[in-house]
Amino acid sequence: MGKVAVVVTVLNEEYILPSLFSALEKQTKRPDEVIIVDGGSTDQTHRVLSSWKPNFSFRWFEHKGNRSQGRNAAISSTKISIIAITDAGCTPEREWLERITKRLIANDCDVASGYYSPQAQTNFEKAAAAYMLVMPEHINPKLFLPATRSMALKKSTWEKAGRFDERLSDNEDYVFAKKLQFIGAKIFFEKDAIVRWLPPKTWGAFLKQVWRFAYGDCFAGIVRPKVMFIFVRWLVFVILGLMSFSLFFLTMFLYLFWAWAKNQKHVASFSAVYLLPTMQLATDLVVMVGSVQGLVVKIQKKIYAKTNH
């Protein structure tokens, strides 16, 4: 019961892998096995994987497909009963594996949910992290769901939950977390099991990731209250604009001030004055576009499936 396998999926990660390798080698708890599944890289990822020679059992293989398919293939391939999961874009802290698995080894829970702290350097990265992560002050340990950046679970629980949904390439870990809740898995939030996560460095990368979250949610049939609130909020803004330009201007000013105020402590720089409000507007727009696109594609696929049944 005490053995632990670490599972990671990768795709074109040749520059990120060395930091992950170094972090895994320095863990206070040595993994009994590390399994890395490549989804079909076209860079030098294969060469980097082949050159890694850690002092514990390590193997990698290619399984072309999305992250859900890769994780399922990796977990299926091991006989070890406790699985720790992280992503290639994350750097686990030295005690991550020990902390994320200790309650599972003691059989005190079925799933351990760790945290992911932004490894942000620029003000843009700090702002992006504030919009993409659940920041520490907003965490409710009883409601915090496990994400594959930092989680561990029993292999039997993974099987009971029906594994990761292989139809999904985005937000698959949220869908899986809801499955865990549905089967009544005992989930424990291990706040000190931390991986360092790299936020997007550019506007293009940031908006693409926000779009993927929104698109993936709607395609998977996930309805988040905060996303619905974005649509309602902008409907109200449009109505106010039709009623009175001055009322619209005042409301928009208050909205942008709120966008700055809620996250300015995470971006302690003058750039927060313009960066956070701009990021709020861009995020709202991309979330709405991505959500509509995800819903349209989901409906189209359902219609296609019925007409070709």
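This is a predicted model: local features need pLDDT of at least 70, side-chain atom pairs count only at pLDDT 80 or more; totals for chains, interfaces and linings use all residues.
Analyst: Thr-157 is found in helix 6, residues 155-160.

User: Is Thr-157 buried or exposed, and what makes it count that way?

Analyst: Its relative accessibility is 7%. Buried means under 20%. Therefore Thr-157 counts as buried.

User: How do helix 9 and helix 11 cross?

Analyst: Helix 9 covers residues 225-243, and helix 11 covers residues 272-307. Their axes come within 10 Å and cross at roughly 110°.

User: Why is helix 9 called roughly perpendicular to helix 11?

Analyst: Angles of 65 to 115 degrees count as roughly perpendicular. The crossing angle is roughly 110°, so helix 9 is roughly perpendicular to helix 11.

User: Which residues make the contact?

Analyst: Helix 9 supplies Val-227, Ile-230, Phe-231, Arg-233 and Trp-234. Helix 11 supplies Gln-280, Leu-281, Asp-284, Val-287, Met-288, Ser-291 and Val-292. The residues of this contact divide into eight nonpolar, two polar and two charged.

User: What lines the second largest pocket?

Analyst: The lining residues are Asp-165, Arg-167, Leu-168, Val-175, Phe-219, Ala-220, Gly-221, Ile-222, Lys-298, Lys-301 and Lys-302. Helix 11 gives the largest share, three residues. About 230 Å³ of space lies in this pocket.

User: How does that lining divide by residue type?

Analyst: Five residues are nonpolar, one is polar and five are charged. Gly counts as polar, and Gly-221 is in the lining.

Methods. Residues are numbered from 1 along each chain as its sequence is written. Side-chain values use heavy atoms; hydrogens and water are left out. Axes are lines fitted to C-alpha atoms, for helices over the stretch in contact, and angles run from 0 to 180 degrees between N-to-C directions. Helices (H or I, at least four residues) and strands (E, at least two) are DSSP runs, numbered from the N terminus. Angles under 35 degrees count as roughly parallel, over 145 as roughly antiparallel, 65 to 115 as roughly perpendicular and the rest as oblique. Contact means heavy atoms within 4.5 Å. On a 1 Å grid over the protein atoms alone, a cavity is a set of points where a 1.4 Å probe fits but cannot get out, and a pocket is an open set with protein on both sides within 12 Å along at least five of seven lines; lining residues have an atom within 4 Å of a point. Grid points are joined across faces, edges and corners, and a volume is the space filled by probe spheres set on the points. Buried means under 20% relative accessible area, exposed over 50%, partly exposed in between (1.4 Å probe, protein chains only).
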